[in-house]
Amino acid sequence: MDQKQNIGGGSVIVVKWSFEATFAMRAQTSRHSKTSLFTLPSPKGCLHSLCITPSKNGLSRFRFLKQLKKKEKIITMGEVDRVFIQPQEHRPKPDITRAEGIPLIDLSIISSPNSNLENDQALGVLVEEIGDACKNWGFFQVINHGVPLAKRQNIEKASRIFFDQPLEEKRKVRRSEEKVLGYYDTEHTRNIRDWKEVFDLNVQDPTVVPASYKPDDEELTRWFNQWPEYPADLREVCEEYAKEMEKLAYKLTELIALSLGLPEDRFHGFFEEQTSFIRLNHYPPCPVPDLALGVGRHKDGIVLTILAQDDVGGLQVKRKTDGEWLWVKPTPNAYIINVGDIIQVWSNDTYESVEHRAMVNSGRERFSIPYFLAPAHYTNVQPLEELTNQQNPAKYKPYNWGKYLVTRKRSNFQKLDAENLQIHHFKIPESELGEKLD
């Protein structure tokens, strides 16, 4: 780099630190408060970063780095756009806490095509396991789920082939406000850009949704999938995989219904014209894994998510008891299930949607494939009558799922001045609930 170059406020310089440089930097930050926002590493030789904050002395800080680089042999690795940088309080910690307690549930008793939930003697135990996992964690893993391994391997292979193409090829099926499905590489979560690229497809093609987010506009439109020329079999592979995901999702909703004391088919009617979709995720290696995230913290607005992740791993779940972020270790051929916002509302807060996020790393790319189960656009989401009474009144006002979905989609293409729509916007205040109880 040229010493005369002026680094703008918020720029990030990625450096590789020697052991000696760490102590030199610590000594400097203790004497100069203006350099106190340097990210300080502890392991020898690890990639870490230096954040130049918006100020008039951005140039002087850069020169300070130049002096330290010359003296302590710091290796600069490049510059990262500040749009990826998470706020200090939401950056991943260098020490990973593993999620030892997330339940691993065996679905073998219902995975055969001829299984009958009503007649299986072991069903009660399984339903109790599902209920406990939904209530205490909001997340669980399933094995022996009945999804053929070949179907999963096929879509994973096709995903890798697609993302390995040149950017100009992938952008031929780029998402837009008019074509909301396909490839995208500039997605934001909570107005911070994610370190990832994605390919979205709907399970029903086309999918019928409201044409506008405006409440009084009753016009409908159709969302069509976009398919790239290569790999040629991507459409067939994805559609076959979607059928398997739909089967598994129905089994899971039946178990969740039973765990709530409802008939096993209680949720079936919501999905006759479903808006479910599949996403192919690719997280490239990131030079600043201590500052950026593959996906920022969020909850899923749908019914439930079925996630396939590779052996690299990166999913973190926020533990309900203490707010600690826990890393979910990949289990071969397992699926990770999480409760979505709609189940939280349907269950009237008996089950809770939990925050989660995706970490990145500097050494290996990562792939994952979530399936998002979502109801028909005309569904009015509200606590189920069977789960509410005078002592436990409905805690949410009804909202239309189609309008909710279209409103949230807007944030994919424009930065919003306010928080995106969330279910807590429909939460009935405690004061009003108290009046109902009185």
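**Exercise 1. How many disulfides does a search of the whole structure find?**

Solution. Welcome to this predicted model. Let us begin with what the search is after: a disulfide is a covalent bond between the sulfur atoms of two cysteines. To count here, a pair of cysteine sulfur atoms must lie within 2.5 Å. Searching the whole structure for such pairs gives zero disulfides.

**Exercise 2. Follow helix H6 from end to end, then see what comes after it.**

Solution. Start with the residues: H6 covers 234–259, a run of 26 residues. Next, take the span from the first C-alpha to the last, which is 37 Å. Then compare: at 1.5 Å a residue, 38 Å is expected, and the span of H6 is close to that. Finally, step past the helix to Gly 261, which follows H6 and has a positive phi, near 80 degrees.

**Exercise 3. Which parts of the chain does the salt bridge between Asp 310 and Arg 160 link?**

Solution. First, find the contact: the two side chains meet with 3.9 Å from N to O. Second, place each partner. Asp 310 sits in the loop between strands E14 (304–309) and E15 (315–318), whereas Arg 160 belongs to helix H4, residues 149–163. The partners are 150 residues apart, and the pair links distant parts of the chain.

Third, check the surroundings. Because buried means under 20% relative accessible area, Asp 310 at 11% counts as buried. Arg 160, at 40%, is partly exposed.

**Exercise 4. Are Arg 175 and Glu 187 buried or exposed, and which network do they belong to?**

Solution. Begin with the pair: the side chains of Arg 175 and Glu 187 form a salt bridge of 2.9 Å, N to O. Arg 175 lies in the loop between helix H5 (167–170) and strand E6 (182–184), and Glu 187 in the loop between E6 and strand E7 (188–189), twelve residues away. Both residues are buried. Now widen the view: salt bridges link Arg 175 and Glu 187 in a network with Asp 194, Lys 196, Asp 200 and Arg 279.

**Exercise 5. How many salt bridges does the whole structure hold?**

Solution. The search finds 25. One more example is Lys 172 with Glu 169, at 3.0 Å from N to O. Here Lys 172 is exposed at 53% relative accessibility, and Glu 169 is partly exposed at 29%.

Key. Residues are numbered from 1 along each chain as its sequence is written. This is a predicted model: local features need pLDDT of at least 70, side-chain atom pairs count only at pLDDT 80 or more; totals for chains, interfaces and linings use all residues. Side-chain values use heavy atoms; hydrogens and water are left out. Helices (H or I, at least four residues) and strands (E, at least two) are DSSP runs, numbered from the N terminus. The expected span of a helix is 1.5 Å times one less than its number of residues. A salt bridge is a side-chain nitrogen of Lys or Arg within 4 Å of a carboxyl oxygen of Asp or Glu. Buried means under 20% relative accessible area, exposed over 50%, partly exposed in between (1.4 Å probe, protein chains only).
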